[in-house]
Amino acid sequence: MNLGHLIDKIDIDYSPSSDELVQFLKKNAKMTLEDAVLFMKKTELERILDNHPFAIREEYDGRWATYLRDPEKKNGRKRIVKASEEQLISFLYSYYKKQDEKTRIAKLTLLDIYPEWMEYKSLRVGAQNTCDRISLDWKKYYLNTEIVKIPLLMLDKMTLDDWAHKLVRNFSLSKKQYNNMAIIMRQILDYAVEKNYIKENNMWKVHIDKNLFRPIRKKDSSYEVFMEDEEDRFKEYAWECFYNKSHKKQPLTPLAVLFLLQTGLRIGELRALMYSDITEDGKHISVDKMVRVETGEVVESTKGVFGGRIVALSDEAIKIIETARRFQKEKGVSSRYIFSMNEKPIGYHAVNKAYYSYCDAIGTQRKSTHKARKTVVSALFDGGMNPDEIRKMVGHVDIRTTYNSYCYNRRSDETNREILNKSL
């Protein structure tokens, strides 16, 4: 269909993107920007209208007419009349454009929509860890499977129900693993509803019997926290490393290690900690920043949705801060960061590796900075602190997280027996 004579007059809802224009002008360097836009508009019109099966002609009264297929009509078509040729062409363009969009939506699959949804999701989550976990679960449970090839419109309740149950059985999923996996399907389909790709999200109708999930047994305390006796040895060794200047490049590393065992901070929060975060009374710190592991960027937020919090400092924690301040002063260092010898946060790997090497040195099971966090929570429970106060101190939204994943018995069998006999 030749539309060159009408291209200036036809008003259609089309304009090329900046990227499309740049790519076109690279291939057609002699064209002006205005000519390029007109040419691309003409190409788009011809692409949409190329398969129009009926003639377009001027009527005796000066109007323009054609037909559209309509199976409800007796002859399978209906007549379309407009005042001018350009109005008729504009109408046909809009009609076929909508048909194109309906066809595209009807063919949309999870594989098609996942990148679009992931971009949407990444703008709305604070922690990169969440996006990383989603990406891993997508590759493990979705990518290269049949479910991602089925059009969204065909993902009915039974299809999703069978898919979910097979995954639970084939991968022997725990309830938490299932929820992490299923949230991808739920949220993608929610997104598809918002975009009017589908009318409803059938994943919300899928329910798994709790007895089908793999039961989770809580890990042994000796792997998850520092037991009371080994924590004392660990701390003693850390102080020795500080006074013996064992860390040449980042000498405040032992103090950072010790500080985590007094506050239960996340390592990203510890790295971002500044002297300005200490409250006026010197007995609390404001925790409202963290350093991203991937980029080293200091961001004005903490992991999860809890947000900033005020953490009380023990006498030992105050002593550690004063020791760091005094050491920096002796070395002529002026840093905003409590555990750094320059204007950059202390290194992630320096602190993490120190935990492993100190555990090796005292002959105990290797434990990470996260195990130190669990140790603090467990110690506070043992000490009788109110559970909700502990939850707030470590920045958990749900107290069940604090109880179920952070509370361990740190006492020896002998001590537990003494408590048993005393109590009973």
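This is a predicted model: local features need pLDDT of at least 70, side-chain atom pairs count only at pLDDT 80 or more; totals for chains, interfaces and linings use all residues.
Reader: What order do the strands of the open sheet have, and how do they pair?
Author: The open sheet has three strands in the order β1-β2-β3, and their pairing is antiparallel. Because β1 (57–58) and β3 (77–82) each have a single partner strand, they stand at the edges, and one side of each is left without a neighbour in the sheet.

Reader: And how many bridges join β2 to β3?
Author: Strand β2, residues 64–69, is joined to β3 by six bridges, and Leu68 stands opposite Lys78 in β3.

Reader: Which helix packs on that sheet?
Author: Helix α3, residues 85–107, packs there and touches both β2 and β3, with its direction at about 15° to that of β2.

Reader: Switching to α14, is that helix mostly covered or mostly uncovered?
Author: Helix α14 is mostly covered, since eleven of its 15 residues are buried, and these include Lys371, Arg373, Lys374 and Phe381.

Reader: How far does α14 reach from its first C-alpha to its last?
Author: Helix α14 (residues 369–383) reaches 21 Å, which is close to the 21 Å expected at 1.5 Å a residue; just after the helix, Gly384 takes a positive phi of about 95°.

Reader: Last topic, Glu300: where does it lie, and is it buried or exposed?
Author: Glu300 lies in the loop between β6 (298–299) and β7 (309–312), and is classed as exposed because its relative accessible area is 64%, where exposed means over 50%.

Reader: What is Glu300 in contact with, leaving aside its neighbours within four places in sequence?
Author: With those neighbours left aside, Glu300 is in contact with Asp288 and Lys289, while its C-alpha atom is separated by 46 Å from that of Glu414, 114 residues apart along the chain.

Technical notes. Residues are numbered from 1 along each chain as its sequence is written. Side-chain values use heavy atoms; hydrogens and water are left out. Helices (H or I, at least four residues) and strands (E, at least two) are DSSP runs, numbered from the N terminus. Buried means under 20% relative accessible area, exposed over 50%, partly exposed in between (1.4 Å probe, protein chains only). Contact means heavy atoms within 4.5 Å. The expected span of a helix is 1.5 Å times one less than its number of residues. Two strands pair if DSSP finds at least two bridges between them. Axes are lines fitted to C-alpha atoms, for helices over the stretch in contact, and angles run from 0 to 180 degrees between N-to-C directions.
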